[in-house]
Amino acid sequence: MSTEKRDKLEAIEKRAQERWAAEKPYEADPMPGKEKFFVTFPYPYMNGRLHLGHAFSFSKSEFAVRFWRMKGRVALWPFGLHVTGTPIAACAQKLSNEMKQYGCPPQFPPEVLEKPKEEKPKEEVGAPTKFKGRRGKVGPAKPQWLIMESMGIPAEEIPKFADPRHWLDYFPPLALQDATRLGCHIDARRSFITTDANPFYDSFVRWQFAHLQKKDLLAFGKRYCIYSPLDGQPCADHDRASGEGVAPQEYTIVKLRVRDPATIEALKPHSAVFEGKDVVLPGATLRSETVVGQTNVWMSPNVVYKAFEVQFPGAAKSEIWLTTAKAARNMAYQDVLVNGQASHTPQPLFEVSGEHLIGLPVRAPHCPFETIYTLPMSTISESKGTAVVMSVPSDSPDDWINHQTLVNKPDYRAKLGIKDEWIMPFTPVPILDVGAEMGQNSAEFMCKKLKIGGPKDATLLEEAKKECYNAGFYNGVMITGPFKGEKVADAKQKMADLMIAEGDAVKYQEPMKEVMSRSGDECVVALTDQWFLKYGIDDWKAQVKQHVEGSLETYFPGIRNAFDEALGFLSSWPCSRNFGLGTSLPAREGEDARVIIDSLSDSTIYMAYYTVARFLHEVEDGSINLDASKPNKAGVKPEMMTHEAWDFILLNKGTAEAVEASTGLPRATAEAMRDEFNYFYPVDLRVSGKDLIQNHLTMFLYNHAAIWDQDQSKWPRSIYCNGHILIDGKKMSKSEGNFVTLEEAISKYTADGSRMALADSGDSLDDANFVTDNASGMILKLNAFINFVESRKKSLDTFRTGELNLFDRIMMNALNSAITKTDSFYQKMSFRSALNAVFFELQAEEVQYELQCANDGPHRDVMAKYLDAVVVMLMPIIPHTVEHLWTEVLGHERSVMHESFPEPSAPVDIGLQFASKLIQDVAHDIRTQVQKLAKKRGPIDTVTVYVAPQYAEWQGEGPAAPN
């Protein structure tokens, strides 16, 4: 297949980039008196090449910075590289271990190379004793050596990556290289890497955390967090292979004590283990107030329950709990002694299949029945809670439908071996009144209303459950139990506190969903001694909430709502790690091990660092030194950047003379750095994927409110979020074979072809779709556009001159309308609409114009203005093509980078728009009729159009007709 058209675009792109490299239009310095525009994008993590997911998000920054440059702003877009955290260190360690175990290059045994197999689900039937399974993949993780090979790294180079430092030297320059190939408007003088590998950034982060600690927003103590036992440290979002955004979920575990366990057939063989101890079925619940309505306990006949000796803090003695290994492992990391030990993965004392635990007599606290029994429910999952579920049929649709199935089907009970005395005496007990039609038996009401036929109606049961729980929690009033007459919302915590005080319940936490660390460990919730940031405290949260609801521009209502939700749940954040790369936290007395700041917490105000980074990272020869290992041309040394220096530069505290005296930082340099910060700050636009609202973006707002609490003018002005990008409608994934690096996209579709396809993919919060066929098609469209401009430029002197006719004025009006619309689209970050308005809709208007002027030809001035405007308006999206057309085809000497966005020559004339539409409609009708009549009468040479001399009276108030 010929690559001529692609090669032509690549040559154009190369010439444009060479010109920009020489002229350096992206370098933005303060221009007092001139308005600025400062845009940032979350610096990408450097454990691989940039890919289309990165490019889709940062293309929004790219299009925006170019547009606002054209609007006269001093436009700054810097681009840092993130290397903080565990992923790089974990990958390096994994690679090192592989080489030690399997040689170099590794000779992996077949079982290591085995691809994960997909488990088939077991039969999904809703009856109580039928198991409902899920698909999952099992098998070894892909070796790190093979992952490096898949990145295109030569085998002889791979061993170097066993050193984490090599990652920092290898991938960041490639990221800047790829961004440059895409034509990004990046001021590379301000690029850098994070961690203490860069002493300037290290001092900046330490300065930030010193202020947070001084303001009592950073503290040390015990906190629950998602934790990797294998890594021996908390596992934040950036440390996870899966489960990003998952937080701890708190349960109340109610102790359901088995009566006379030594007499239970299934437990007799193990009586020596529990002699003198209570045997407990731990019922985990989110609704502790409902214990007053228990009728039975559900257990799964398909789960093998494990016995552990459990002793919670403050308990006088230990108990034997029958639960899952997963729950026991979580407990062991929450200061709970499991089998006499904490912080370990406990092994069960004995195991019993759930099918042998049906019919156990149980004493439940505050239950209306002295003894209740365990009954089968096979849909119980081992992955959630304790696999022991309390049954409250009056309140829970799931409980009610399963309870009724057993009550109403004696043959079914007999088949399952369920005795009547375990179920028949226990009728549902109303526990709360929600008023209205639900009344006191909401579960029964909703099951009948939705006509739920049985346990297998999972979708309807889920709908019923939401209705019942929402109505009960927000409107319900307790009608029985110790908190009769109180609102459910109040009774929930009071009942939990009462049972805990009575020794009948404990608090327990686990991840809301499965979380896997990048080291391959399934995480738990741990209660650990750690440094944490006090997100969520009232005063700090109120500041951020006021910002979000007040001056912060978020472009979509959904983004503002997501921030409200994040502010509701984001609380104490564990920010310390024992493993990985980063900046050290303040040492505590008696603490020997180095503790580093996590990768989300060192990334909240680094936008301020950008404003002064050129002083720290630009070398005398103009090159950029990402880690500051070479002297910078400003003469700033790492030891000069003390807290006092950062205070002066970023907080306007103290004097330059005092800073120079104490640090050696030259006064003129300190003042220049301060002035640069004050000129460019705050961030005018922060662009990010919507998934970061739940952590990074909300922390971004919190930390700006903390550091600049005395100067709200430094708080971010706007945040734009986009969805994820799909490739041909599918999630980008290496396993799908559709993972596309930015370098691959540019090589295949060219830079402007890729940019155009990214702009065309979408701008909303919904996931966008990068269609590869469309991207390929952009190469043809760009070539056609170039050919059109070249052709019209060559013919310009042959075009008509003199007075403008009606069609000329219609075309000029269409151009003015396009300029106005496109300006608005760019300002609203609607880049797909901007592309459509100029590249497709306006060009269609031009085609129509030439058809209408077929006899006399287009007007020279109209065509000249059109060519200039259409080219310039596309500069944010396809700058290489536009640079070629502007300078090499249209003949302008100055780079298009210095052109302003076009201004309309006159207000949009609605009358001309109406006339244009009318002419097109009439012409279409005439063509249709001519074609139709020609079949009957033969060729038609003449058409007469009759026009009324004036508007009818009823049309008199319509738009004025053009002359």
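**Cysteines, a buried serine and an enclosed helix**

Cys 225 counts as buried, at 2% relative accessibility (buried means under 20% relative accessible area, exposed over 50%, partly exposed in between, with a 1.4 Å probe and protein chains only). The model is a predicted one, where local features need pLDDT of at least 70, side-chain atom pairs count only at pLDDT 80 or more, and totals for chains, interfaces and linings use all residues. Residues are numbered from 1 along each chain as its sequence is written, and side-chain values use heavy atoms, leaving out hydrogens and water.

A search of the whole structure turns up 0 disulfides (pairs of cysteine sulfur atoms within 2.5 Å). Cys 225 is in none, and its nearest cysteine sulfur, that of Cys 523, sits 9.4 Å away. Cys 447 is buried as well, with a relative accessible area of 2%. Its closest cysteine sulfur, in Cys 468, is 7.0 Å off, too far for a bond.

Ser 391 is buried too, at 0% relative accessible area, and belongs to strand β17, residues 388-391 (helices, H or I of at least four residues, and strands, E of at least two, are DSSP runs numbered from the N terminus). Leaving aside residues up to four places away in sequence, Ser 391 touches Gly 293, Gln 294, Thr 295, Asn 296, Trp 298 and Asp 399 (contact means heavy atoms within 4.5 Å).

Then there is helix α18, residues 643-651: 7 of its 9 residues are buried, so the rest of the structure largely encloses it. Among the buried ones are Trp 646, Asp 647 and Phe 648. Their cover includes α7 (199-214), α17 (606-617) and α19 (656-663). After α18 comes Asn 652, with a positive phi near 55 degrees.
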